Amino acid sequence: MSSIASLELEHVDESLHARISGELDLATCDDLRRRLQPALLQAGSSVLDLSAVSFIDSAGLRMLIQLASALRNEGRTLELIPPADAWARKVLTVSQLDRVIVFHDPSD
Amino acid sequence: MLLWSNYRHDTERAREALAVRAAGAAFSADSFLEERIRILSAIAQAEPVRTGDVPGMYAYFVRLGPERLGFTGGIGWIDAAGRIRSPGTPPVDLSDRDYVRHVLRTGTPYVSRAVMGRLQEHPVIVVAVPTNGIDNRLSGIVTGLVRLDMLLTVKALQPEQVTILDRAGQVIFDEGPIDEIRLPVDMTRLASMRDDPDGGVLDGVDDPSGRPDRVVGYASAPAGSWIVLDSRPSDEVYASANRTLRSGLSVLGLAALLALLGSALIGIRLDRLARAGEAARNEAERRRRNSDRLHRLTSSLAAAIDVAEVIEVAMREARDELAADRCSIFLVEETRAGVEFVVWPGFEDTLDTTGRIPVEVRVVCRDVIMRRESVFLESPQQIAAQYPELSALVGRPDGPAWIVLPLVAAGGALAAFFLAFDESRPVAEDDRRFLGTLAEQSGVALGRALLHEETEAAERGARLLSETAAAMEQEQTFDARAARLIDALVPDFADYASLEIPGEDGGYRPVVLATADRTLEPALRELRERHALDVGHPRSLAATAEANTPYVVEDVPAAIGDFELDERTLELVHRLDPRSYACLSLRGRNRPLGGLLVGMSTASGRRLTRRDLPLLRTLSERAGLILENAVLHERERAIAGVLQESLLPPELPEIPSVRLASAFVAGGEGVEVGGDFYDAFEADDSHYLVVGDVCGRGVEAATMTALCRYTLRAAALQQPSSGPARLLEILNRSILAQIPDNSQFCTVALVRLRARDDGTLAVTVASAAHPPLLVLREDGSVEQVQPLGGLLGVFPGVHFPELELVLEPGDGILLYTDGVVESRRGVELFGEERLLALVRSMPGATPNVLVDRIVSSIHHYAGGHLTDDVALLGARYAQVAARPRERAEPSFSLTLPAQPASLALLRTTLQGWLDEFGVGETAARDIVLACNEAVANATLHAYRESAGEVSIEARIKGGAVLIEVRDSGQWLERAQDGLPPDERGRGLMLMRALMDDVRVDRSDDGTSISLRRALHEAST
């Protein structure tokens, strides 16, 4: 319903590159998660790209944790490309999300 | 040879009897004097004597009754300069008198020689005792004058011829009127007599009165250094011995003659001679026995100190010597109806079956007391002959026989001594003489013992009164004083005491109580609480207290039947086992405050009687006044406190960039409103600081304080352009107009603060004779500033100079009243130098710290006792310049539906507002996220079913952004909010991580979250 966040899913062979842009909040996360979680689970491997995310709140963090734990149940890990925006990156650090989710260096 | 040995024996007995009598008289004179010294020593301890209060002293002496104490010539006081002092007459110098010189030099009591008083017609003995002032140093002499005829009562002991010589050899008295004081002939002999501790007998001398050829028995009285002589003509003393000798010699002579005439008659004559010798021996034996028992009696009575002992000795002597079947001692009670008797406990032999003195006994005793003469009724016939009205009452012809002796002392008849014999009983002349002596000596001893006991009781009473009052006055509050009163009474004076005051229902309940046996305290408390009676109950403590009708119940066991008591009460009474008690009223000047119950237990052996009532009444009267003072004091203190608070600003105003602190400490007892004040207020574009000191204390000072404060406030508002000097002029006129009699004046320091464009503070100072104010520079230096203006309220048209100062950031000022620099340690003042040094030692201190430190320093300096009020007002100009006043405080307000979709709108508008007011980017984004979380929480938790609203208020104030997010719903408990445990509170965690302060307030009306974030980055 909201236009402030968008999702692009790009399949390369067995691998999924999911790219979120815009703002992750309570209004956008439920919809995003409904679309993301099955795609991530179906793919052999996946990367969640947050480099274009400018805002993330606790609902966004919760979504990331939920996705990570769903993958862990399958014996997999959620691989993330952190936001390019320094402030948004700080939110992830402040919430100590980096302890449960593997962050890819964007230069990889 | 029998005859010679009999003669020698007889003369020795006669000489011994003389010496014994002299010793007895010396003892009596001595104990009389010692008693006077003791009495005066007790008087010297009395409050008015110690304080040197001459009128109070004489009122006290009159109350004591000098006559009653044996000072027939009066009691007086001589100051340390040797001048006799009496109210209303100029001092008379007596410093040349021996007794004055002796006491002032040695500080010990002294008994003078016989002196002729200036005003008295009679020679007197002066008993002089040193007095000490309240500083315990010798302050003078209390003197008691014993007129010499008073000593004649001592002579009553010994009806023989007694002469008393003072240490200068003057005859203090001898028989007959004292018409002159003569010196004895032989001073050397006098000295040796005085130094002979055992006394003795001199034969064939002229006695001091010049009578020739006498036998003198003598003894010395150590207290007075007097010599007591018992002198009689030689032939009278030895008459009996001579008679025996002569009759023996004549019998011998006759026998010799008859022997010449014929031997037939010799047997008879020798027999007669032997009988004569036998009679002489018997007579000698009798005399020796009489002398012995008199000697024993005198020494036993001399050793008896208290009344019980005197009576014991007298009774024992009479019983042993006379073999009486029954005996009693009846103490005389003078009543309006005449003479009545009280039987001395333990000698109830002669009471009838109802415990009363039989009427016939009473009649005879009364007669004996009235006539002061012994009565010997040897048989019923004699009783009937002397008391015909009693003949019907006295039964059998062979009995009884009665002997009744009066015991008489200086003060009058004290007791009747009653001996009863079942059979008729002839009383021999020797026995009569012995009983006469017994009665006389017992009477004197009894009088002495009674006086001694009375003096001791009076002394104890006086001590109790003064010690209790002093102890109570050490405390300030009613409760503490009440506790001291009870402490003073129990256990020293009483076994129980309870101080009770009316409760809400009017029933009297104990405030403080105590029992000598501590374990009984709960029992006494329960007993008293059980019977919290009000004034409606006659004889209750309440009724006694209200009507001021104190009373004593002497015998509780006998009276207990008069009360209807339930079982539990009886049990408590039995446990406490009271013997006697008193109900007393504690009153203020004109109203009852409460009641005091004082009691004695049977176990302690102590007892309260009617005779204790005057002391108890005085005690309760004094205690009542002291307690009322505490009540008044507490009330005045409370009123003064309230009034004082109303005269000071409830809180200091907020002045931008200026920190203020103030202190007020009431000096003295705090019962009166002080005259110091401070104030701080805003008028137009300025702020004013005021410190003032109004002369005096109390209501008038309070009125003046209010006048000063409100006049300055009103004038500053009405005349915004006027400076402090002009405001003081207005105040001066206003004081003169409203308090026209110049009775009130004051000093004021007035300071105006005005912000200047260059970030400094302009300070204008005017002073009306107020102590200098201090300017505290940021670098720690301190300047005194004192524009010279006159007092307010004295002269019209006074002008006040103004001083202009500039305060840079970090600078401050301090205003104070003279109570600060004039707080005292002894005579030394705290002073301006100490104040300056103290302030210099605290560079950069905040006004709060500064003011607190000054107050605690002067408190400490004055030993915790500030006599004057202290007011302080300190200000420090803040380091950071304030925002220009013109710029409005930035604020943000938004109300949104509590939906997730509202979050984006919130973020956009809030971010825009923060940008507008120059909040840095990171801070702004932190704030936006935190606010987002707060609103998200509201949408998530508050309104699960239906959408409500959430409001967001934001301000920028004091270098921080303050946000409040408010909803009107209830947050659900976390366990119910549907989130897995590890995700709970993540929103709150984010807020806390990003903000400086997060507060969540949940109430029935809803929840609000307050956020604060300081702006470290420079705002643009």
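The legends below describe close-up views of a predicted model. Local features need pLDDT of at least 70 and side-chain atom pairs count only at pLDDT 80 or more, while totals for chains, interfaces and linings use all residues; side-chain values use heavy atoms, without hydrogens and water. Residues are numbered from 1 along each chain as its sequence is written, and chains are lettered from A in the order in which they are written.

**View 1. Helices H9 and H12 of chain B pack with their axes within 8 Å.** H9 covers residues 307-322 and H12 residues 429-473 of chain B; helices (H or I, at least four residues) and strands (E, at least two) are DSSP runs, numbered from the N terminus. The axes cross at roughly 170°, so H9(B) and H12(B) are roughly antiparallel (angle over 145 degrees). Axes are lines fitted to C-alpha atoms, for helices over the stretch in contact, and angles run from 0 to 180 degrees between N-to-C directions. Contact (heavy atoms within 4.5 Å) involves, among others, Val310(B), Ile311(B) and Ala314(B) of H9(B) and Phe434(B), Leu438(B) and Leu446(B) of H12(B). By class, the contact has 13 nonpolar, 1 polar and 4 charged residues; Ala, Val, Leu, Ile, Met, Phe, Trp, Tyr, Cys and Pro count as nonpolar, Asp, Glu, Lys and Arg as charged, and the others, Gly among them, as polar.

**View 2. The largest nonpolar core has 72 residues.** A nonpolar core is a set of buried Ala, Val, Leu, Ile, Met, Phe, Trp, Tyr and Cys residues joined through side-chain atoms within 4.5 Å; buried means under 20% relative accessible area, exposed over 50%, partly exposed in between (1.4 Å probe, protein chains only). Ile20(A), Leu48(A), Leu64(A), Leu910(B), Ile952(B) and Ile963(B) touch the most other members. Helix H25 (residues 921-942) of chain B gives the largest share, 11 residues. Beyond its neighbours within four places in sequence, Ile20(A) contacts residues including Leu7(A), Leu32(A), Leu48(A) and Met63(A).

**View 3. A cis peptide bond joins Val490(B) to Pro491(B).** Its omega is near 5°. Pro491(B) sits in the loop between helix H13 (478-489) and strand E17 (496-502) of chain B.

**View 4. Asn548(B) has a positive phi without being a glycine.** The phi is about 55°. Asn548(B) is in the loop between helix H15 (541-547) and strand E19 (551-553) of chain B, and is partly exposed at 30% relative accessibility.

**View 5. Ser657(B), not a glycine, has a positive phi of about 65°.** The loop holding Ser657(B) runs between helix H18 (613-647) and strand E22 (658-665) of chain B. Ser657(B) is buried, at 18% relative accessible area.

Terms used: Parallel < 35°, antiparallel > 145°, perpendicular 65-115°, else oblique.
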